Amino acid sequence: MGISSFTRVDSCMYVPALALYSGFLLLFSEKNFKNSLYLFFAYLFSVLLSILYGSIYSTIYMIGLWERGFLRLSMIVWIASLIFVLVLVALKEKNNVLIEFRNFYSNKKRIIRIVFSLFLLFLGFFAFFFRPYLLSNLPEGKNATYLTNNSLSIFFWYVPIWLFVFVIFTFDHFIFKRKNIASCFVFFIGSFLLILYLIAPSISPDHFWATRRWVLFPIPFAILGSILGIRSILNKIRKQRKIVVFLILALSGLIYTIWRSKLILFHSMLFGYPEGYQKFVDSSPNEKAIYFSTKREIGSPLRYIYGKNIFLIRNMNEFINRVPKLLSTGFQVFIIQNGKFSGASSNLKFSYITDLSLTGKFPIESVYRFPEFLYKRNLNFQVFQVMRSETPVELEPIDITFNPSHDGFLSAIGKMEEDGSISAARHQGSLVYGPYLTLPKGKYMVEFIGHDLRRAEFDVVYKKGSYALCPRQTGDSEYSKILNFQIVTSVIDDIEFRVFVGGRSKVQIQKIRLKRIL
């Protein structure tokens with residue numbers, strides 16, 4: 001455990017779990033309480049050493065953790081855990097308080113078990129049904145990501161809900177039956193990390209849907225905990241019946257898992273992506289060539305799989321200002337984006353070179369059900385070579401018509417039709433979002449073409465909805481809705497055209513047209 005604090009910063013979160021473990025032992029196994037204190041203080045000391053080590057050898061990384069608030073929050077949690085443990089030590093000296101608590105627990109054990117089990121069920125219902133709604137409607141939840149808000153729903157794709165419910169019996173096994181006292185610190189750490197990583201899963205676009213945190217901790221713990229919960233139930237059944245019940249549960253679970261996973265098990269996903277990447281790599285220069293993009297989802301494969309010299313852009317305007325200095329070193333500079341650059345700079349010319357077209361099918365990205373059909377997840381990027389221009393660059397017209405489900409748009413609740421349109425189903429939410437365009441300075445018009453558009457709302461945003469270029473407006477026509485917006489900086493990245501619908505509507509988006517009007 002001590003070594004883990006030097007390898008993963010998340011291991012710092014073991015400290016409050018060990019503090020709770022100490023409190024549990026003081027109440028129900030006082031003879032082991034002293035050993036738990038040794039474990040707590042030894043691990044806290046190793047965490048402090050790892051922080052000191054990181055501050056010396058990974059100073060920039062530690063500064064980043066402090067600025068993002070993780071390290072500050074961790075220090076508050078460590079101090080609170082230390083105070084909690086010191087209070088436990090003081091309570092140990094007041095034996096009458098512990099005796100009164102144990103007597104109360106013995107008299108009310110049945111009621112406490114029922115209340116605790118209902119509380120766990122309530123937490124599950126809250127996380128599955130109410131948390132996504134609250135975080136998407138409260139002002140402080142506006143910047144929370146869609147995947148984070150619906151983390152429990154997505155987690156059930158990896159640990160089926162029929163198996164996950166048995167985790168409740170694992171809590172009962174350790175807390176109320178007090179089995180395996182000596183090793184239950186693993187249970188406390190696993191439970192704490194399961195809850196913590198469901199609250200903040202940290203799912204990034206380049207590893208949708210799973211996160212490394214889930215694969216390392218919550219998924220194995222939930223599966224093993226569920227099996228332990230099933231075992232605790234079977235212990236109450238006679239041997240012959242136990243075997244029959246176990247076989248029925250195992251066979252039912254296997255059949256259910258295969259049925260729900262048939263789409264992933266028996267269909268090829270993103271089959272055209274390797275071909276698209278390879279075609280681009282073979283046709284693009286490597287010698288003294290540097291590639292840039294804001295798109296993390298293509299940056300990682302191109303660098304680590306195909307060996308391209310590519311870097312991610314954090315600020316597009318700053319990048320454009322620095323390009324002339326980079327060009328003076330003799331390097332060829334290329335940028336891979338979805339969009340246009342005409343007018344982004346008066347002394348730089350963006351010459352279209354080729355496309356990076358990635359085609360393939362992928363499960364519908366919806367949290368309301370396990371994916372039951374595939375849609376075309378096509379990513380169409382343009383590759384531009386950036387060069388100096390001796391004369392002022394003339395503006396080129398920008399007029400693009402998008403086919404929503406084929407041209408990089410996504411949907412949280414809609415159905416991708418074969419003709420490329422996106423139709424609303426029975427759920428409310430984001431019917432269309434994307435395609436994360438890059439556009440230069442100018443005035444633009446975007447037109448949504450479809451059916452029943454009076455029942456939809458539309459807006460234009462960038463940076464994952466953090467900033468609005470055109471505030472949300474309700475449709476005023478059955479078949480068309482036009483929004484106007486203006487870009488005042490040299491260029492803006494990750495622009496989205498979004499459509500929102502209520503439940504059980506018949507809204508359909510067939511085309512989206514973008515045109516620069518000035």
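Is Phe40 to be counted as buried or exposed, and at what relative accessibility? In this predicted model, the relative accessibility of Phe40 is 1%, and the residue therefore counts as buried, since buried means under 20% relative accessible area.

Helix H2 (residues 14-28) and helix H3 (residues 33-57) have axes that come within 9 Å and cross at roughly 170°. The two helices are therefore roughly antiparallel to each other, because angles over 145 degrees are placed in that class. On the side of H2, the contact is formed by Tyr14, Val15, Leu18, Ala19, Tyr21, Ser22, Leu25 and Leu26. H3 contributes Phe33, Ser36, Leu37, Leu39, Phe40, Tyr43, Leu44 and Val47. Sorted by class, the contact of H2 with H3 comprises 14 nonpolar and 2 polar residues, with no charged residues.

In soluble globular proteins, nonpolar side chains tend to be buried together. The largest nonpolar core has 59 residues, of which Phe155, Phe164 and Phe187 touch the most other members. H2 gives the most to this core, namely 9 residues. When neighbours within four places in sequence are set aside, Phe187 is in contact with Thr170, Phe171, Phe174, Ile175 and Phe221. Another core, of 39 residues, lies apart from the largest one; Tyr436, Ala456, Phe485 and Ile487 are among its members.

A pair of aromatic rings is described by the distance of the centres and the angle of the planes. For Phe40 and Phe41, the ring centres are 5.2 Å apart and the planes stand at 85°, so this pair is edge-to-face. Whereas Phe40 is buried at 1% relative accessibility, Phe41 has a value of 36% and so counts as partly exposed.

The pair of Tyr291 and Phe334 has its ring centres 4.9 Å apart and its planes at 20°, so the pair is stacked. Tyr291 belongs to strand S1 (residues 289-293) and Phe334 to strand S3 (residues 332-337); the pair, 43 residues apart, thus links distant parts of the chain. Tyr291 is buried, with a relative accessible area of 2%, and Phe334, at 3% relative accessibility, likewise counts as buried.

Ring pairs also join into a cluster, whose members are Tyr21, Phe24, Phe28, Tyr105, Phe116, Phe171, Phe174, Phe176, Phe187, Phe188 and Phe221. Among these, Tyr21 takes part in the contact of H2 with H3, and Phe187 is one of the residues that touch the most other members of the largest nonpolar core.

Definitions and conventions. Residues are numbered from 1 along each chain as its sequence is written. This is a predicted model: local features need pLDDT of at least 70, side-chain atom pairs count only at pLDDT 80 or more; totals for chains, interfaces and linings use all residues. Side-chain values use heavy atoms; hydrogens and water are left out. Axes are lines fitted to C-alpha atoms, for helices over the stretch in contact, and angles run from 0 to 180 degrees between N-to-C directions. Helices (H or I, at least four residues) and strands (E, at least two) are DSSP runs, numbered from the N terminus. Angles under 35 degrees count as roughly parallel, over 145 as roughly antiparallel, 65 to 115 as roughly perpendicular and the rest as oblique. Contact means heavy atoms within 4.5 Å. Ala, Val, Leu, Ile, Met, Phe, Trp, Tyr, Cys and Pro count as nonpolar, Asp, Glu, Lys and Arg as charged, and the others, Gly among them, as polar. A nonpolar core is a set of buried Ala, Val, Leu, Ile, Met, Phe, Trp, Tyr and Cys residues joined through side-chain atoms within 4.5 Å. Buried means under 20% relative accessible area, exposed over 50%, partly exposed in between (1.4 Å probe, protein chains only). Rings of Phe, Tyr and Trp (its six-membered ring) pair if their centres lie within 6.5 Å; planes under 30 degrees apart count as stacked, over 60 as edge-to-face and the rest as tilted.
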